[in-house]
Amino acid sequence: MTFDAIGIAGTSLTVHRKWLDAIADNLANANTAAPTSGPAFRARYIEAQAGPGTSGVYVAGVREGDAAGRLVFEPDNPLADAEGYVRYPDIDLSEQMGSLIMAQRGYQANAQVVDRARTMYESALQIGRSS
Amino acid sequence: MLDSVTSAALTSALDGLSRRQRAIADNIANVNTPGYHAQRVQFEEALAASVQDGDGRATATTSLSAEPTRTNGNNVNLDTETMSNIDTVLRFQFATQALNAQFTGLRSALRTS
Amino acid sequence: MSIAPIGPVGPAIGAVASPAAQGATGTGGDFAQSLTGAVDDLQQLQSTSNQLAVQAVTGNLDDIHSAVIAATRAQVTLEVAAAVRNKGIDAFNEIMRMQA
């Protein structure tokens, strides 16, 4: 590939954006209650894998969180069952916030790689140009 | 004149630096991938030895870094990669400039007005 | 710079004639010498510039500016030498045109 480094960084930008989307979704639904008859909201965890050779990174799969969730006693909740329990998703907020920062940092680092690679390729295009 | 040791050395350096840039891009792309080990590209020593022998051509070799990993098996150090990236870009710019000077010198000698 | 000792006073005509002749051959010899010197200089500058450039790309150079300065010096010297050659050729052609 001609402008390889930019393509490689591009694959990582995609992966980190998907990661960011998953985390945003998890945080938005962290307090979504569900009746005990069905599953709780299942958090999504992106699994990344390195491509063969030097082809960057891609999403190998999406792992879903625990369907059982946490049983919380809330008799006033309209979704509560006969004993007064509701299901909440099993999402660790601090862990998700940590992942959010890592995803953002990874995205920024790869955006910088694109910029530096562009500088390099532009300089290569100047070889032999008569002044 | 155009195939001198210097020209060959500068061209080999450009090849090596370009491979290094790709390796760095791959490392930074996989900064959060579990189990990934950073790639390292070497060519400086081979190039210096080749210049000593009067040839000037050298191919770059890639290897995996054996630095300690984090808990998820990844051993990419973002600061090292960033520094290396900036260094590579600057070296590349210098090498293209030096290679350019070879051609420009010939051109100005040819100019007769 | 050497200072010649004062010699004996000789005939005036001979004394006037010899410096002029000496001056003529002196200028001709000097120009040829300076041109040859410039070409040798250029060779030296080119070789230094090449050496520093290779050192820089193999990572053995501490100051990048020395490589860039050497390259620029070699470049500028080459351009000066080319310009002098071109002017010399133009002057020669000019003179040839006069005689024709």
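In the predicted model, 28 residues of chain A are in contact with 24 residues of chain B, two residues being in contact if their C-beta atoms, placed from the backbone, lie within 7 Å. On the side of chain A that touches chain B, at least two residues each are supplied by helix 1 (4-28), strand 1 (44-50) and helix 2 (93-124) of chain A, where helices (H or I, at least four residues) and strands (E, at least two) are DSSP runs numbered from the N terminus. Helix 2 of chain A gives the most to this side, with eleven residues. By class, the side of chain A that touches chain B divides into 13 nonpolar, 13 polar and two charged residues; Ala, Val, Leu, Ile, Met, Phe, Trp, Tyr, Cys and Pro count as nonpolar, Asp, Glu, Lys and Arg as charged, and the others, Gly among them, as polar. Residues are numbered from 1 along each chain as its sequence is written, and chains are lettered from A, and ligands numbered from 1, in the order in which they are written. Because this is a predicted model, local features need pLDDT of at least 70 and side-chain atom pairs count only at pLDDT 80 or more, whereas totals for chains, interfaces and linings use all residues.

Helix 2 of chain A packs against helix 1 of chain B at an angle of about 165°, with the axes 9 Å apart; axes are lines fitted to C-alpha atoms, for helices over the stretch in contact, and angles run from 0 to 180 degrees between N-to-C directions. The two helices are therefore roughly antiparallel to each other, a term that applies to angles over 145 degrees. In this pairing Ala109(A), Asn110(A), Val113(A), Ala117(A) and Met120(A) meet Gln21(B), Ala25(B), Ile28(B) and Ala29(B), and the contact has seven nonpolar, two polar and no charged residues.

Within strand 1 of chain A lies Ala48(A), which is buried, with 23 other C-beta atoms within 10 Å; a residue is buried if 20 or more other C-beta atoms, placed from the backbone, lie within 10 Å of its own. Leaving aside neighbours within four places in sequence, Ala48(A) is in contact with Val15(A), Val57(A), Val59(A) and Ala60(A), and also with Asn32(B) and Thr33(B). The C-alpha atoms of Ala48(A) and Val59(A), eleven residues apart along the chain, are separated by 4.6 Å.

Chain C has two helices and zero strands, and buried residues make up 13% of its 100 residues. The contact between chains B and C takes 20 residues from chain B and 15 residues from chain C. On the chain B side, the largest share, nine residues, comes from helix 3 of chain B, and the residues of this side divide into eleven nonpolar, six polar and three charged. No contact joins chain A and chain C, whose closest C-alpha atoms lie 13 Å apart; of the two pairs of chains in contact, chains A and B share the most contacts.

Apart from neighbours within four places in sequence, Ala53(C) is in contact with Thr6(B), Leu10(B), Ala98(B), Ala67(C) and Ala71(C).

Terms used:
Angles under 35 degrees count as roughly parallel, over 145 as roughly antiparallel, 65 to 115 as roughly perpendicular and the rest as oblique. A residue is buried if 20 or more other C-beta atoms lie within 10 Å of its own, exposed if 12 or fewer, and partly exposed in between; C-beta atoms are placed from the backbone.
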